[in-house]
Amino acid sequence: MAKLYDTIEPQLVDFIQRQQMFFVAMAAAHGRVNVSPKGLDTFCVLDANRVAWLNGAGSGNETAAHTALDPRITLMFCVFEGRPWILRLYGQARVVQPASGT
């Protein structure tokens, strides 16, 4: 049974921190849906409503391109062994460049 949360609660932060991989999905109004696996221990929960991760080169460019067109984003975390658990975070993306300071 699905459960909806208004914030990223502590038990969800714990679940997120245990995952070695997550997926980013975005779609512009026209064209392809982009789904990218991410990892490398770069994901961080900033607060109860904000997260960040370091986006590497490659498919990260597709994520940034979609963000410029439509910032809607879904992040998905899931377990691959044991009891099934899928967590999706829905939100608005923003690209932050290292030199931008924003």
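**Salt bridges, strands and a nonpolar core**

Start with a salt bridge: the side chains of Asp 47 and Arg 50 meet, N to O, at 3.0 Å. By salt bridge I mean a side-chain nitrogen of Lys or Arg within 4 Å of a carboxyl oxygen of Asp or Glu. Asp 47 is partly exposed, at 34% relative accessible area. Arg 50 is partly exposed too, at 47%. For those words, buried is under 20% relative accessible area, exposed is over 50%, and partly exposed lies in between, with a 1.4 Å probe and protein chains only.

Ground rules next. This is a predicted model, in which local features need pLDDT of at least 70 and side-chain atom pairs count only at pLDDT 80 or more, while totals for chains, interfaces and linings use all residues. Residues are numbered from 1 along each chain as its sequence is written, and side-chain values use heavy atoms, with hydrogens and water left out.

Back to Asp 47 and Arg 50. Strand S3 covers residues 44-47 and strand S4 covers residues 50-52. The two pair in the antiparallel sense, over 3 bridges. Strands here are DSSP runs of E, at least two residues, and helices are runs of H or I, at least four, numbered from the N terminus. Pairing requires that DSSP find at least two bridges between the strands. Val 45 has Val 51 in S4 as its bridge partner. S3 and S4 make a hairpin, with 2 residues between them.

How many salt bridges does a search of the whole structure find? The search returns 3. One of them joins the side chains of Arg 18 and Asp 14, at 2.4 Å, N to O. Helix H1 spans residues 10-18, and these two residues sit 4 apart in it, so about one helical turn separates them. Arg 18 is partly exposed, at 49%. Asp 14 is partly exposed, at 40%. Asp 70 also forms a salt bridge, with Arg 72, the closest N and O atoms being 3.0 Å apart. Arg 72 is partly exposed, at 46% relative accessibility.

Now the cysteines. Searching the whole structure for disulfides gives 0. The test is a pair of cysteine sulfur atoms within 2.5 Å. Cys 44 is partly exposed, with a relative accessible area of 37%. Cys 78 is buried, at 10%.

On to the other strands. Strand S1, residues 22-27, pairs with S2 in the antiparallel sense over 6 bridges. Ala 27 stands opposite Val 33 in S2. The hairpin of S1 and S2 has 5 residues between the strands, and Gly 31 takes a positive phi there, near 105°. S1 is also joined to strand S5, residues 72-78, by 3 bridges, and those strands run antiparallel. In that pairing, Ala 25 has Thr 74 in S5 as its bridge partner.

Asn 34 is in strand S2, residues 33-38. Buried or exposed? Asn 34 counts as buried, because its relative accessibility is 11%. Its side chain makes a polar contact with the side chain of Thr 63, at 3.4 Å. Another polar contact of 3.4 Å joins the side chains of Asn 34 and Ser 36. A polar contact means a pair of N or O atoms within 3.5 Å; within protein, one must be able to donate a hydrogen and the other to accept it, and residues adjacent in sequence count only if both atoms are side-chain atoms.

Last, the core. The largest nonpolar core has 15 residues. That is a set of buried Ala, Val, Leu, Ile, Met, Phe, Trp, Tyr and Cys residues, joined through side-chain atoms within 4.5 Å. Those with the most contacts inside this core are Ile 16, Phe 43, Leu 75, Phe 77, Leu 87 and Leu 89. Which elements each supply at least two residues of this core? They are H1, S1, S5 and strand S6, 86-92. H1 gives the most, with 4 residues.

Take Ile 16. This residue is in helix H1. At 5% relative accessibility, Ile 16 is buried. Leaving out residues up to four places away in sequence, Ile 16 touches Ile 8, Phe 43, Val 45, Phe 77, Leu 87 and Leu 89. Contact means heavy atoms within 4.5 Å. Ile 16 and Thr 42 are 26 residues apart along the chain, and their C-alpha atoms are separated by 11 Å.
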